[in-house]
Amino acid sequence: MLLSSSLKALAGALLLGASVVSAQETSEKASVAGLFPGWPKPGKKCLFPRKRKEWRKLSNREKEEWLDGFMCLSKLPHTDALTPVVRPPDIAPVNASSSFYDDIVYMHMDLNLKIHFTGQFLPWHRWYQQFVEDQMRKKCGFKGTMPYWDWTKDAHDIYNSPIWESHPRHGLGTWGDPNKVFRVTDGALRNMKLSYPSPIVGFRRNFTIQPYLNVLPATNPNHTIFANETYQAKDVHRLVNGYVGDFVGFQYDFEFVPGSHSALHRTLGGDMGGYCPSTAYPGCVGGPTFSPNDVTFFLHHGMVDKIWADWQKKNKKNKNAFFGGSVQDRAKFPNGAPPNLGLRSPMPAAGMVPEEALIEDVMDIKGGYLCYEYV
Ligand SMILES: *[C@@H]1O[C@H](CO)[C@@H](O)[C@H](O)[C@H]1NC(C)=O
Ligand SMILES: *[C@@H]1O[C@H](CO)[C@@H](O)[C@H](O)[C@H]1NC(C)=O
Ligand SMILES: *[C@@H]1O[C@H](CO)[C@@H](O)[C@H](O)[C@H]1NC(C)=O
Ligand SMILES: *[C@@H]1O[C@H](CO)[C@@H](O)[C@H](O)[C@H]1NC(C)=O
């Protein structure tokens, strides 16, 4: 009797102890994480989430500050911290005379095979956006947060979307000039220097509404479809409301060709579409590599991230749902072949942060290292 009650007390003390230890561990992890240049200092709680707004809801001043952030990163020098890990043979080698923004683009080039069509796709791109925002805040005095582009509002007529503004300070730029390899020669980033796949001034954007003519075989019924058929309001509705607890189904619907993620990339053509310019080195291979050259990338991925966050919020079975492989195998596995990833798997960063964040660190946009919401 006595023994059993003291055992109970001991067990109670241990339990109490255990919870103290885990609180300590949490704050230790938090304070160590505060040293990572790639991360904001995590607060104890996310009390004041930054509000990520739709591009059109930004004031001209806010648009300008965000675009200035990219211009600023593109004027900072390359860092030797960049350490390619995958080194696919078909991308350009690291250019040591390039810019810090080129390094950011290079991460996406180098890691292509790890972060697309694998379980990393959604968490990694969520992390990448936060990483870029943090760099803009730390190195360029940016005070805002990432906006997003609700392309369902423009899906009926992407070419004439009001987001393509030519304004030299707050404009995203219009469409590229066909006589200048589709370089965008207006907007705030018209003079942005880029180095990949080859040096160029100004990113490229080329309206391509039937992108599958050269991508899907003629026997595929989707060979001739218009890209905008898959990023309509109905598609977002299906994504957010469907796939309860089914992370794989959700990701597959999003990422498969011609699903909405790639369809939007390809509609914008040029850099977003992953097409090599005719001025690139011989043998340049396109694909989802240098697409962040056009910063619309972050507006698009803001929307992708918002849809994931909305899905996570929709049902408690979705909140922490995660499953995926680490190896791209598009013929057999919808989101990657084994070895499988888990919530404790790190997200590769090509040397750009001293310690890699884990997938679980970005599962909650208002917890862990993240503190924002979509409004
Ligand atoms: C897709 O875009 C084309 C060209 O902008 C337009 O004519 C068509 O109506 C759009 N389709 C849908 C379903 O919105
Ligand atoms: C490296 O980048 C710089 C800046 O964009 C450019 O001037 C130079 O030509 C590039 N070198 C190579 C080998 O592409
Ligand atoms: C531009 O887009 C058109 C389709 O709208 C395509 O035929 C052409 O090859 C593209 N050009 C470049 C240089 O990407
Ligand atoms: C064609 O695209 C639709 C989505 O628009 C998809 O449901 C269907 O599976 C695709 N067909 C093939 C053969 O890929």
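Which residues surround ligand 3? The legends below begin with this site.

**View 1. The shell around ligand 3 in the predicted model.** Ligand 3 is surrounded by Phe182, Asn206, Phe207, Thr208, Gly269 and Tyr275; a residue is near a molecule if its C-beta atom, placed from the backbone, lies within 6 Å of it. By class, this shell holds three nonpolar, three polar and no charged residues (Ala, Val, Leu, Ile, Met, Phe, Trp, Tyr, Cys and Pro count as nonpolar, Asp, Glu, Lys and Arg as charged, and the others, Gly among them, as polar). The model is a predicted one, in which local features need pLDDT of at least 70, side-chain atom pairs count only at pLDDT 80 or more, and totals for chains, interfaces and linings use all residues. Residues are numbered from 1 along each chain as its sequence is written, while chains are lettered from A and ligands numbered from 1 in the order in which they are written.

**View 2. The shell around ligand 4.** Asn220, Pro221, Asn222, Glu229, Thr230 and Pro258 surround ligand 4. Two of the shell residues are nonpolar, three are polar and one is charged.

View 3. Just after H6, tyrosine 243 takes a positive phi of about 55°. Helices (H or I, at least four residues) are DSSP runs, numbered from the N terminus.

**View 4. The packing of helix H2 with helix H5.** The axes of H2 (residues 60-73) and H5 (residues 121-140) are 10 Å apart, at an angle of about 75°. H2 is therefore roughly perpendicular to H5, a term for angles of 65 to 115 degrees. Axes are lines fitted to C-alpha atoms over the stretch in contact, and angles run from 0 to 180 degrees between N-to-C directions. Gly69, Cys72 and Leu73 in H2 meet Gln135, Met136, Lys139 and Cys140 in H5.

Terms used:
Helix = DSSP H or I, 4+ residues; strand = E, 2+ residues; numbered from the N terminus. Parallel < 35°, antiparallel > 145°, perpendicular 65-115°, else oblique. Contact = placed C-beta atoms within 7 Å.
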